[in-house]
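Hi,

Here is the structure I promised to send over. Have a look at it first, and my notes follow below.

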Amino acid sequence: MECGLVLATTLGRPFALLWSAAALSNLGDGIRVAAFPLLAAQLTANPVVSASVAAAEFLP
């Protein structure tokens with residue numbers, strides 16, 4: 001894992017931890033964006049509900 005070692009030594013360990021946490025958070029957000037509409041589609045046969053769940057994810 002030389003790339004992680006280089007990142008940790010050149011920019012510092014706190015930056016490497018921040019970068020890793022941000023990457024993991026973005027991965028989790030992507031999984032959530034894909035999973036919620038699929039869950040709504042599984043629970044109901046109404047496409048309007050599935051579309052509403054997908055659209056509601058992007059509201060503030």
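Let's start with Ser50, which sits in helix H3. Keep in mind that this is a predicted model. Is Ser50 buried or exposed? Its relative accessible area is 15%, and the cut-off for buried is under 20%, so Ser50 counts as buried. Leaving aside residues up to four places away in sequence, Ser50 touches Pro37, Ala40 and Ala41.

Those contacts bring in the neighbouring helix. Pro37, Ala40 and Ala41 belong to H2, and together with Phe36 they meet Ser50, Val53 and Ala54 in H3. By type, the residues where H2 contacts H3 split into six nonpolar, one polar and no charged.

How do the two helices lie against each other? Helix H2 covers residues 13-43, and it packs against H3 at an angle of about 160°, with the axes 8 Å apart. Angles over 145 degrees count as roughly antiparallel, so that is how H2 and H3 are arranged. The crossing of H2 past H3 is right-handed.

Next, have a look at Glu57. You'll find this residue in the segment after helix H3, which spans 47-56. Glu57 has a relative accessibility of 15%, so it counts as buried too. Which residues does Glu57 touch? Not counting residues up to four places away in sequence, the list is Arg32, Val33, Phe36 and Pro37. With Arg32 there is also a polar contact, side chain to side chain, at 3.3 Å.

Finally, the overall picture. The protein has three helices and zero strands, giving the pattern α-α-α when you read along the sequence. Of its 60 residues, 8% are buried; Ser50 is one of the buried residues, and Glu57 is another.

If you open the model, I'd begin with Ser50 and its contacts to Pro37, Ala40 and Ala41, then move on to the Glu57 and Arg32 side chains.

Cheers

Technical notes:
Residues numbered from 1 in each chain as written. Predicted model: local features only at pLDDT ≥ 70, side-chain atom pairs only at ≥ 80, totals over all residues. Heavy atoms only, no water. Helix = DSSP H or I, 4+ residues; strand = E, 2+ residues; numbered from the N terminus. Buried < 20%, exposed > 50% of the residue type's maximum accessible area, 1.4 Å probe, protein only. Polar contact = N/O pair within 3.5 Å; in protein donor to acceptor, adjacent residues only side chain to side chain. Contact = heavy atoms within 4.5 Å. Axes fitted to C-alpha atoms, helices over the stretch in contact; angles between N-to-C directions. Parallel < 35°, antiparallel > 145°, perpendicular 65-115°, else oblique. Left-handed = near helix turned anticlockwise from the far one by under 90°. Nonpolar A, V, L, I, M, F, W, Y, C, P; charged D, E, K, R; others polar.
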